Amino acid sequence: MRQCELVGLPRASYYYHPRPETEENLAAMRLIDEQYTRTPFYGARRMAVFLGSQGVAADRKRVRRLMIKMGLEAIYPKPRLTLRAPEHRIYPYLLNGVSPKGPNHIWSTDITYIRMRQGFLFLVAILDWYSRCVLSWELSNTMEVSFCVDALRRALDRHGRPEIFNSDQGSQFTSNDFTGALLQEDIRISMDGRGRWADNVFVERLWRTVKYEEVYLKDYESGHQAFQNLSRYLDFYNTERPHQALDYRTPAAVYHGA
């Protein structure tokens, strides 16, 4: 948000308010988050079995409620995978057999759960497929569309426009606010097929890296601390961390052609 930038206030501090979950539920959510990162094909039934093996009593109904609250769903195909808004238009997937031909050819986005000591946040990122460079990101304590639109507009302002923009079919990305911002820039919209997590695999890999190399090593006490640490890590990811798939160059070097 522009107002936050003007007063020097981290956006995470603006968005964040303590969540009214119990300590017991927060502990269960931490375990669910870690196990889901390892096995994203686990649904509520298998996740309940896993929690039981860790000494946490949780039935399928409770686990399902917590996973929905965290924005997590198993990646295998099933009748309802993504929380959609029926009135929103769903666009076809445009990337079958398509490889990125250079920076700003294909961008994609997704949302992930970020745990803290007390409560949690959601992280959205805009990623360039060719370079794996994180072009912008935002934190929020809710999954409202506004923080996704903020990240999109910041990426467009700083980096120009892609030819194709890919997302899942979540209500944030099918909303008129989000798709309207893309159509206004004459960007072709692509959306993952239902149950097709591999359609957006580059962002899924980013989340796994961020969690194992940053989030799971820390115990954020506040939204402000989460924002500061993630800011440092994502800058490191872009500019210092060699990427095997890029012949050990950094995403920023590949994106800028260095």
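The model is predicted: local features need pLDDT of at least 70, side-chain atom pairs count only at pLDDT 80 or more, and totals for chains, interfaces and linings use all residues. Residues are numbered from 1 along each chain as its sequence is written, and side-chain values use heavy atoms, with hydrogens and water left out.

**Strands**

Strand β1 covers residues 106-115, and its pairing with β4 is parallel, over three bridges. Two strands pair if DSSP finds at least two bridges between them. Strands (E, at least two residues) and helices (H or I, at least four) are DSSP runs, numbered from the N terminus. Strand β4 also pairs in the parallel sense with strand β5 (residues 188-191), over four bridges. The bridge partner of Ile164 in β5 is Arg188.

In a regular strand the side chains alternate between the two faces of the sheet. In β4 (residues 164-167), Ile164 and Asn166 point one way, Phe165 and Ser167 point the other way, and all are buried. Buried means under 20% relative accessible area, exposed means over 50%, and partly exposed lies in between (1.4 Å probe, protein chains only).

Asp128 belongs to strand β2 and is buried, with a relative accessible area of 0%. Leaving out residues up to four places away in sequence, Asp128 touches Pro103, Asn104, His105, Ile106, Trp107, Cys133, Leu135 and Tyr255. Contact means heavy atoms within 4.5 Å. Asp128 and Gly102 are 26 residues apart in sequence, with their C-alpha atoms 9.2 Å apart in space.

**Helix α3**

Helix α3 has 16 residues and reaches 23 Å from its first C-alpha to its last, close to the expected 22 Å. The expected span is 1.5 Å times one less than the number of residues. The buried residues of α3 are Asn25, Leu26, Ala28, Met29, Ile32, Asp33, Gln35, Tyr36 and Thr37. They pack against α4 (44-53), α5 (60-70), β1, β2 (120-128) and α9.

**Salt bridges**

The whole structure holds 10 salt bridges. A salt bridge is a side-chain nitrogen of Lys or Arg within 4 Å of a carboxyl oxygen of Asp or Glu.

| Arg30 | Asp219 | 3.4 Å |

Arg30 and Asp219 meet in a salt bridge. Arg30 lies in helix α3 (residues 23-38) and Asp219 in the loop between α9 (201-213) and α10, so the pair ties together parts that are 189 residues apart in sequence. Arg30 is partly exposed at 24% relative accessibility, and Asp219 is partly exposed at 32%.

Glu213 is partly exposed at 32% relative accessible area, whereas Arg241 is buried at 19%. Salt bridges that share partners also join Arg30, Arg117, Asp219 and Glu221 into one network.

**Aromatic rings**

There are 10 aromatic pairs in the structure. Rings of Phe, Tyr and Trp (its six-membered ring) pair if their centres lie within 6.5 Å; planes under 30 degrees apart count as stacked, over 60 as edge-to-face and the rest as tilted. The ring centres of Tyr233 and Phe236 are 5.8 Å apart and their planes are at 50°, so this pair is tilted. Tyr233 and Phe236 are three residues apart in helix α10 (residues 223-239) and are separated by about one helical turn. An α-helix has 3.6 residues a turn, so residues three or four places apart point the same way. Tyr233 is buried at 6% relative accessible area, while Phe236 is partly exposed at 33%.

Ring pairs also link Tyr113, Phe120 and Phe122 into a cluster. The charged end of Arg132 sits over the ring of Phe202, 3.9 Å from its centre. A charge sits over a ring if NZ of Lys or CZ of Arg is within 6 Å of the ring centre and within 35 degrees of the ring normal.
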